[in-house]
Every structure is written in C-alpha cells, then in structure tokens.
Amino acid sequence: MIEPELNSQKSKYNIGQLVNEPDLHMPLVDVIRTRRTVRRYQDKLIPHDKLEMLLRLSTHAPSACNRRGWRFIIIEDQKSLDWLYKKGGAAFIPKVRQAVLVCYFGHTDNMEWRDVEQSASTAISYFQLLAHAEGIGSCWICHLPPKREVRRFFKIPSNYTPIALLTVGYYIEDMNVTERRVDSEELVTMDYWKFSHAPDKDTVGFKLFLKRTLRKLYYLFPKREWLRELTHKFEKKFHNHD
Ligand SMILES: Cc1cc2nc3c(=O)[nH]c(=O)nc-3n(C[C@H](O)[C@H](O)[C@H](O)COP(=O)(O)O)c2cc1C
C-alpha cells in the first residue's frame with residue numbers, strides 16, 4: 001500500500017525538471033503533487049498528434065451512464081483566441097498560442113446533479129495530469145463569453161455544450177512547484193457532516209449577489225469588447241506561474 005508524502009516539496013520531481021525530461025510514466029502520486037496551473041508557455045506549438053494522443057488517453061475517464069460524450073476543438077487561430085478575450089474571456093488568453101475547447105454531449109435527464117458538467121470535468125482533470133507528465137502546462141478556464149456566443153462562433157451543434165477552455169503549451173524553464181495550503185484544513189468526516197465550522201470563503205452574502213449581478217450585466221452587453229480593457233483591472237490576478 002502506498003503511503004505518499006502529502007507534501008509536494010518532497011516529490012523527487014519538479015516542474016523545471018519536466019521541461020527537459022518529460023516522463024509520461026512518472027508515478028501518479030508525483031504527477032498529482034507537482035501539477036500546477038500555468039498561464040505562460042514556450043512559443044513552440046505542441047504537435048497535433050501529441051495533443052490528440054493526450055486527449056484520447058484522457059477519455060479513459062469515467063462518465064455518467066458511460067456516455068463518453070467528449071469532443072475537443074484545438075484552437076490555434078489567433079483571431080479566435082483574441083475573440084475569446086475581447087468578448088470577456090480570461091485576460092491572458094491572447095498571449096497563448098494553443099488552446100482546447102472542451103465540449104460534451106448536452107442531452108441528459110439528470111439536470112439536478114449536472115452530470116454533463118461532471119462528466120466533462122473528469123477528462124479535463126485526467127488531461128491536465130497527463131499533459132503535465134509530458135512537460136505540458138495547462139490552465140482550465142471557465143471565465144469565458146456566454147455559451148450561446150461561444151457555440152455560434154465555434155459552430156457547435158445544439159446537442160453539444162461548450163464546457164471549458166484549456167490553454168496549453170510547453171513549460172518554460174523557471175517553474176518551481178509551490179507548496180499547497182490544503183493539508184491543515186478539515187476535509188473529511190465520517191457518516192454525516194460533522195465539520196466544526198462552515199467553510200467561510202470570501203464570497204458570501206451581498207458581495208456575492210453584487211458580483212453575480214455585475215457579471216450578468218456585463219455579459220448581457222453586446223458591445224462588451226469596448227469595456228474589455230476596463231474590466232481587465234477587476235479580474236483576479238494570479239501571481240503563480242502567470
Ligand atoms: C473549474 C475551473 C475553472 C477555472 N477557471 C479559471 C479561469 O477562468 N481563469 C484562470 O486563470 N484560471 C482558472 N482556473 C484555474 C485555477 O485558478 C487554478 O486551478 C487554481 O488557482 C489552483 O491552482 P493549481 O491548478 O495550480 O492547483 C480554473 C480552474 C477550475 C478547476
């Protein structure tokens with residue numbers, strides 16, 4: 001039985017090393033511990049057959065009713081990436097050279113548990129881990145223009161739904177794995193919810209209501225590209241590998 005060190009610093013791998021020595025067969029536990037989101041990549045494009053191999057491998061993931069409804073659109077056209085940004089996508093999108101739009105078959109009777117989104121996400125997680133072991137960094141993005149606009153732009157048929165964008169690229173060399181914060185938090189209880197306090201994340205109550213309303217109004221505005229530079233300032237800033 002494996003008793004892994006939870007501390008990622010104790011992994012014998014680090015991202016910097018993966019730049020020069022990718023190892024698709026590195027131990028799973030090390031892949032999980034050393035993967036981090038990156039938002040800056042080498043200029044070199046990932047060959048399509050390699051991306052496709054990683055995406056196909058990712059579809060070993062579980063899916064509700066074994067529907068296996070994934071579809072992936074590789075995006076390299078800078079105009080498409082710029083469009084995603086201008087229409088309200090994450091601020092760093094125009095700086096990347098490749099991305100993957102993940103779509104999933106949208107017809108389900110299980111709306112309450114959102115099995116479409118859950119199923120789509122399994123393969124995304126698998127992909128991020130596999131790509132990482134191949135020396136490829138990624139960022140999972142759902143800060144995107146409204147689905148109906150994405151659907152129209154990328155010609156996605158009505159029975160499929162866009163789920164998320166993954167920016168991808170080879171790691172640049174100065175990446176170091178930073179420590180995780182989760183280890184000290186209460187994460188597990190037995191039999192039913194017995195946590196000593198409710199998680200007190202920062203977005204509750206009025207602040208959340210306000211953020212939701214502003215978001216809704218922003219994405220309702222058809223000419224939102226006029227506001228893009230302004231809204232840029234209010235986006236969450238990531239200092240880690242961005
Ligand atoms: C569902 C989901 C949506 C995300 N959306 C965005 C996004 O829109 N923009 C972004 O820069 N990062 C996004 N991320 C990446 C997270 O910010 C990142 O995973 C988090 O900061 C933890 O960092 P790590 O992946 O290095 O562990 C998203 C991640 C997930 C799982």
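Me: Which residues does Ser 80 touch, not counting residues up to four places away in sequence?
Reply: This is a predicted model, in which local features need pLDDT of at least 70 and side-chain atom pairs count only at pLDDT 80 or more, while totals for chains, interfaces and linings use all residues. Residues are numbered from 1 along each chain as its sequence is written, and side-chain values use heavy atoms, with hydrogens and water left out. With contact taken as heavy atoms within 4.5 Å, and with residues up to four places away in sequence not counted, Ser 80 touches Ile 75, Phe 153 and Phe 154.

Me: Is Ser 80 buried or exposed?
Reply: Ser 80 lies in helix 4, residues 78-86, where helices are DSSP runs of H or I with at least four residues, strands are E runs of at least two, and both are numbered from the N terminus. Buried means under 20% relative accessible area, exposed over 50%, and partly exposed in between, using a 1.4 Å probe and protein chains only. Because its relative accessibility is 9%, Ser 80 counts as buried.

Me: How far is a polar backbone atom of His 143 from an oxygen atom of the ligand?
Reply: The residues around the ligand include Arg 35, Cys 142 and His 143, a residue being near a molecule if one of its heavy atoms lies within 4 Å of it. For polar contacts, pairs of N or O atoms within 3.5 Å, a polar side-chain atom of Arg 35 lies 3.0 Å from a ligand oxygen, and a polar backbone atom of Cys 142 is 3.3 Å from a ligand nitrogen. Between the polar backbone atom of His 143 and a ligand oxygen, the distance is 2.9 Å.

Me: What percentage of the contacts in the chain with a separation of 6 or more comes from residues 24 or more positions apart?
Reply: The chain comes to eight helices and four strands, which follow the pattern α-α-α-β-α-β-α-β-α-β-α-α along the sequence. Buried residues make up 40% of its 242 residues. Among contacts with a separation of 6 or more, the part from residues 24 or more positions apart is 78%.

Conventions: A polar contact is a pair of N or O atoms within 3.5 Å; within protein, one must be able to donate a hydrogen and the other to accept it, and residues adjacent in sequence count only if both atoms are side-chain atoms.
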